[in-house]
Amino acid sequence: MTLSVQKRREKQKAELRSELVAAAHKLVQEEGYEGLTIRKLAKRVGYAPMSVYSYFADKQDILFALAEDAFETLARRIEEHPADDPIEALKAVMTEYAAFGLGNPNEYRTVFMTEKTKLPEGRSYEDMEEGNPAMKVLISRVEACVAAGKLKGDPRAIATMLWTVGHGTISLLITFPFYPFGDAQAYVKRMCDFTLAGLSAQDIPPLTETPVNC
């Protein structure tokens with residue numbers, strides 16, 4: 001096989017995978033987790049189910065692909081909101097994360113609130129980390145806050161704690177819409193300010209004794 005033919009096939013494969021991921025996003029947005037099946041996905045793009053299995057081993061593989069795609073979208077949205085003040089730049093991450101989740105509740109529930117029991121076949125945690133630009137942006141903005149003396153401690157630990165609070169807040173707003181939280185965006189801002197105030201008052205140690213490379 002010549003190099004040009006191989007490249008053309010790789011390009012076609014990447015394009016089909018992107019088409020499948022886009023179709024999966026729409027299925028989830030319209031029908032939620034239950035609507036995301038290999039058969040429905042194949043029907044939507046006009047391919048045989050076995051063709052889909054050549055890209056994704058199972059439903060969980062599709063969920064990981066959706067998550068990676070969502071993180072790329074989120075990272076682009078975050079980068080559109082730079083700020084000179086490192087704390088304000090960090091708050092922008094949380095604001096955009098909340099806007100993404102609240103604006104796409106079905107997708108957020110499916111992608112971020114469905115248990116992931118194993119890594120995709122042939123992928124390591126480091127691979128998944130490399131494919132998560134949103135987390136990279138979050139950690140880099142935390143690092144900027146640490147460098148400026150606004151926060152103290154391990155950037156990854158701080159970023160993870162912020163993500164934990166953000167995820168919990170968004171999850172509750174989505175799953176308990178009848179609870180009197182008040183304005184959703186205002187509540188997100190309140191939780192963000194509350195968390196940052198708590199984090200800024202202490203030196204945050206690493207989550208584990210084993211260092212993790214970003």
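Mentor: Contact here means heavy atoms within 4.5 Å. Keep in mind that this is a predicted model.

Trainee: Which residues does Tyr33 touch, not counting residues up to four places away in sequence?

Mentor: Leaving out those sequence neighbours, Tyr33 touches Lys59, Leu63, Thr110 and Thr114. Tyr33 itself sits in the loop that joins helix H1 (3-31) to helix H2 (38-45).

Trainee: How many residues along the chain lie between Tyr33 and Asn106, and what separates their C-alpha atoms?

Mentor: The two are 73 residues apart along the chain, while their C-alpha atoms are separated by 7.8 Å.

Trainee: Is Tyr33 buried, partly exposed or exposed?

Mentor: Buried means under 20% relative accessible area and exposed means over 50%, with partly exposed in between. Tyr33 has 33% relative accessibility, so Tyr33 counts as partly exposed.

Trainee: Next, the helix pairs. At what angle do the axes of H5 and H8 cross?

Mentor: The axes of helix H5 (residues 86-103) and helix H8 (residues 133-147) cross at roughly 160 degrees and come within 8 Å. An angle over 145 degrees counts as roughly antiparallel, and H5 and H8 are therefore roughly antiparallel to each other. The crossing in which H5 passes H8 is left-handed.

Trainee: Which residues of H5 and H8 meet?

Mentor: On the H5 side they are Pro86, Ile87, Ala89, Leu90, Ala92 and Val93; on the H8 side, Val137, Leu138, Arg141, Val142, Ala144 and Cys145. Sorted by class, this contact of H5 with H8 has 11 nonpolar residues, no polar ones and 1 charged.

Trainee: How do H6 and H9 pack?

Mentor: Helix H6 (residues 105-112) and helix H9 (residues 155-175) pack at about 125 degrees, with axes 11 Å apart. That angle makes H6 oblique to H9. Their crossing is left-handed.

Trainee: Which residues in H6 meet which residues in H9?

Mentor: From H6, Pro105, Tyr108, Arg109 and Phe112 take part; from H9, His167, Ile170, Ser171, Ile174 and Thr175. By class, the contact of H6 with H9 has 5 nonpolar, 3 polar and 1 charged residues.

Trainee: Are Cys145 and Cys192 buried or exposed?

Mentor: Cys145 counts as buried because its relative accessibility is 0%. Cys192 has a relative accessible area of 9%, so Cys192 is buried.

Terms used:
Residues are numbered from 1 along each chain as its sequence is written. This is a predicted model: local features need pLDDT of at least 70, side-chain atom pairs count only at pLDDT 80 or more; totals for chains, interfaces and linings use all residues. Side-chain values use heavy atoms; hydrogens and water are left out. Axes are lines fitted to C-alpha atoms, for helices over the stretch in contact, and angles run from 0 to 180 degrees between N-to-C directions. Helices (H or I, at least four residues) and strands (E, at least two) are DSSP runs, numbered from the N terminus. Angles under 35 degrees count as roughly parallel, over 145 as roughly antiparallel, 65 to 115 as roughly perpendicular and the rest as oblique. A crossing is left-handed if the near helix is turned anticlockwise from the far one by less than a right angle, and right-handed if clockwise. Ala, Val, Leu, Ile, Met, Phe, Trp, Tyr, Cys and Pro count as nonpolar, Asp, Glu, Lys and Arg as charged, and the others, Gly among them, as polar. Buried means under 20% relative accessible area, exposed over 50%, partly exposed in between (1.4 Å probe, protein chains only).
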